[in-house]
Amino acid sequence: MATLLQGLQFQPGASVIHRLDPRVKLLISTTLLITSLLYLEVAVTSLVIAVELILSAISGTAKRWAKTVYGALPLVILIFLMNYLVRSFSEGSYCDPSIIYVSFATAYRLIAFLASFSIFFLTTTPEELGMTLTKLRIPYTYSFAFISAIRFTPILAEELQTIMDAQRSRGLELDRGNPIKRVRRYIPVLVPLIVNALRRSYELAEAMEVKCFGASEKRTFLRELRMKPRDYAGLAAALLSLALAIYARFFLELNLP
Amino acid sequence: MIAFESVEFVYPSGVKALDGVSLRIGDGEVVALMGENGAGKTTLLKHLNGLLKPTSGRVLVDGVDTRKATVAQLARTVGLVFQNAEDMFFSSSVWEEAAFALRNFGYSERVVERRVDWALKFMELEKYSDASPFMLSGGEKKRLALAVILAWSPKVIALDEPTTGQDQLQKEKLLQMIKLLREQGRTIIISTHDVEFAAQLKPRVILMRRGRIVADGEADEIFLDEELLRSCNLLPPQIVSLTKRLGFLGIKPSLKHPREVADEIIDRLEGLSCKT
């Protein structure tokens with residue numbers, strides 16, 4: 001779980017992708033997301049994953065991106081098994097190649113889906129994220145809440161580790177016994193985590209009030225977002241790919257699951 | 001007996017936190033692990049009960065290689081008190097909190113009851129038995145964190161920065177309790193950068209810097225070596241600075257109790273006034 005979340009954490013860099021306008025990056029990630037949802041073809045999903053891999057390689061975040069994929073694997077395997085079992089059960093046949101193919105494609109698609117936004121999050125600072133959301137006319141109070149959630153995720157992950165260490169030092173064995181007992185064993189970990197998170201949110205609220213959060217109606221930014229030629233090129237490429245993906249799916253009916 | 005044999009530890013992020021640490025800590029020793037933030041103190045403590053396993057080298061606790069034992073097994077010998085007490089509280093009452101580990105270790109209810117009562121009494125918390133651990137003051141929380149560990153009476157007690165955020169009175173209490181534990185023959189390992197606090201225990205001092213041990217010796221030696229302390233971003237205890245400046249009275253630099261030093265000063269001054 002913690003590895004999956006690492007893919008949401010901003011990684012500093014000076015690559016072309018990092019310098020791209022965050023709105024364009026948002027569109028690129030959305031394009032990848034929509035494309036991965038439109039198709040159940042292994043070939044198309046592979047193409048989406050390949051594009052994601054190339055983009056993250058250019059931005060120098062391929063390692064983190066791979067971690068997201070790695071962290072998603074348990075979920076992917078679960079989806080595959082559930083699909084396979086449910087479909088096989090309803091069809092009454094347990095080794096139908098088409099069922100295996102569809103289950104695999106569904107699970108495989110999840111990788112492309114989950115990893116699509118990590119390109120956006122890995123190369124966009126929380127500040128840029130805030131500006132993007134504001135440009136999309138989302139009230140700053142909401143976008144601030146969203147940004148803080150993202151910002152606090154790594155802190156929360158670190159704290160989770162400390163709490164688990166503290167409780168294991170008291171003889172708690174998290175991976176012993178049957179699943180029901182195991183869930184109960186997580187109570188000593190979750191209670192301190194939630195208590196600390198609540199306390200931190202109160203502290204943050206106080207700190208923000210001290211700094212007059214929400215004193216003025218319209219928030220201004222030190223740096224304004226401005227599209228450069230490079231950004232227009234990225235925008236055009238993303239829009240074109242998205243249009244192509246939608247056109248091919250609905251008008252050429254390429255995908256017939 | 002604890003032994004570190006050329007232990008190296010590298011975090012997944014690539015940070016080398018321990019770089020060739022070798023050391024032996026005998027039963028009943030009191031050790032102060034000192035050095036600035038990031039020197040590797042906490043990493044070293046986490047090796048004592050197997051929360052972290054060495055990347056290379058090995059750690060032996062009473063002859064057991066920590067890589068071959070679970071944390072739960074090692075924790076019976078080594079009780080680790082974390083820096084932030086709030087990272088462990090989850091029970092509805094102080095009493096239940098202290099009973100948690102004993103139940104994990106499978107003690108019978110009768111033993112649990114006796115041990116918890118003893119530990120809470122020892123830490124002067126018995127009147128809060130039914131209170132929520134979250135309602136305690138900072139100092140009481142710290143004491144409960146220690147009581148929680150003492151309940152199962154581990155042979156080795158490791159404390160990570162026990163004095164942060166504690167007022168003078170709480171520190172004094174903590175000091176008395178650590179002294180009592182020492183008299184019970186327990187091994188005590190404290191990671192701290194509170195020089196004044198450590199000096200009062202007159203411990204064996206291990207100085208760390210960037211994952212290495214740079215000095216290992218008795219408090220009387222190390223705390224008098226200002227240059228060495230400064231190289232680890234520590235300052236000598238005030239009593240050392242004071243006695244160093246009183247050399248003209250014939251007083252030698254030492255870690256003595258302020259009262260003793262005061263007596264010495266009075267002695268010398270009386271000697272002086274008689275001569276004139």
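Modeller: A definition to start: two strands pair when DSSP finds at least two bridges between them. This is a predicted model.

Biologist: What makes strand E1 and strand E4 of chain B a pair?

Modeller: Five bridges join strand E1 (residues 2-10) of chain B to strand E4 (residues 56-61) of chain B. The rule asks for at least two, so E1 and E4 of chain B pair. The two strands run antiparallel. Across from B:Glu8 stands B:Ser56 in E4(B).

Biologist: In what order do the four strands of the open sheet in chain B run?

Modeller: The order is E2-E1-E4-E5, with antiparallel pairing.

Biologist: Why are strand E2 and strand E5 of chain B called edge strands?

Modeller: Strand E2 (16-25) and strand E5 (64-65) of chain B each pair on one side only.

Biologist: How do you know whether the radius of gyration of chain B agrees with a compact globule?

Modeller: Chain B has 276 residues, and a compact globule of that length would have a radius of gyration near 19 Å. The value for chain B is 21 Å, which agrees. Along the principal axes, the C-alpha trace of chain B spans about 75 × 45 × 30 Å.

Biologist: Which domains does the assignment give for chain B?

Modeller: Domain 1 takes 1-77 + 154-223, domain 2 takes 90-152, and domain 3 takes 237-276. Between the C-alpha centres of domain 2 and domain 3 of chain B lie 45 Å.

Biologist: What makes B:Ala151 a member of the largest nonpolar core?

Modeller: A core member must be a buried residue of a listed type, Ala among them, joined to others through C-beta atoms within 7 Å. Buried means 20 or more other C-beta atoms within 10 Å. Beyond its neighbours within four places in sequence, B:Ala151 contacts B:Ala98, B:Ala101, B:Leu102, B:Arg115, B:Val116 and B:Ala119. Another core lies apart, with 24 residues, including A:Val24 and A:Tyr39.

Biologist: How many residues of chain B are in contact with chain A, and what makes that a contact?

Modeller: 19 residues of chain B are in contact with 17 residues of chain A.

Biologist: Which classes make up the side of chain B that touches chain A?

Modeller: That side has 14 nonpolar, two polar and three charged residues.

Key:
Residues are numbered from 1 along each chain as its sequence is written. Chains are lettered from A and ligands numbered from 1 in the order in which they are written. This is a predicted model: local features need pLDDT of at least 70, side-chain atom pairs count only at pLDDT 80 or more; totals for chains, interfaces and linings use all residues. Two residues are in contact if their C-beta atoms, placed from the backbone, lie within 7 Å. Ala, Val, Leu, Ile, Met, Phe, Trp, Tyr, Cys and Pro count as nonpolar, Asp, Glu, Lys and Arg as charged, and the others, Gly among them, as polar. Domain bounds come from an automatic or database domain assignment. The radius of gyration is taken over C-alpha atoms; the globule rule is 2.2 Å times the number of residues to the power 0.38. A residue is buried if 20 or more other C-beta atoms lie within 10 Å of its own, exposed if 12 or fewer, and partly exposed in between; C-beta atoms are placed from the backbone.
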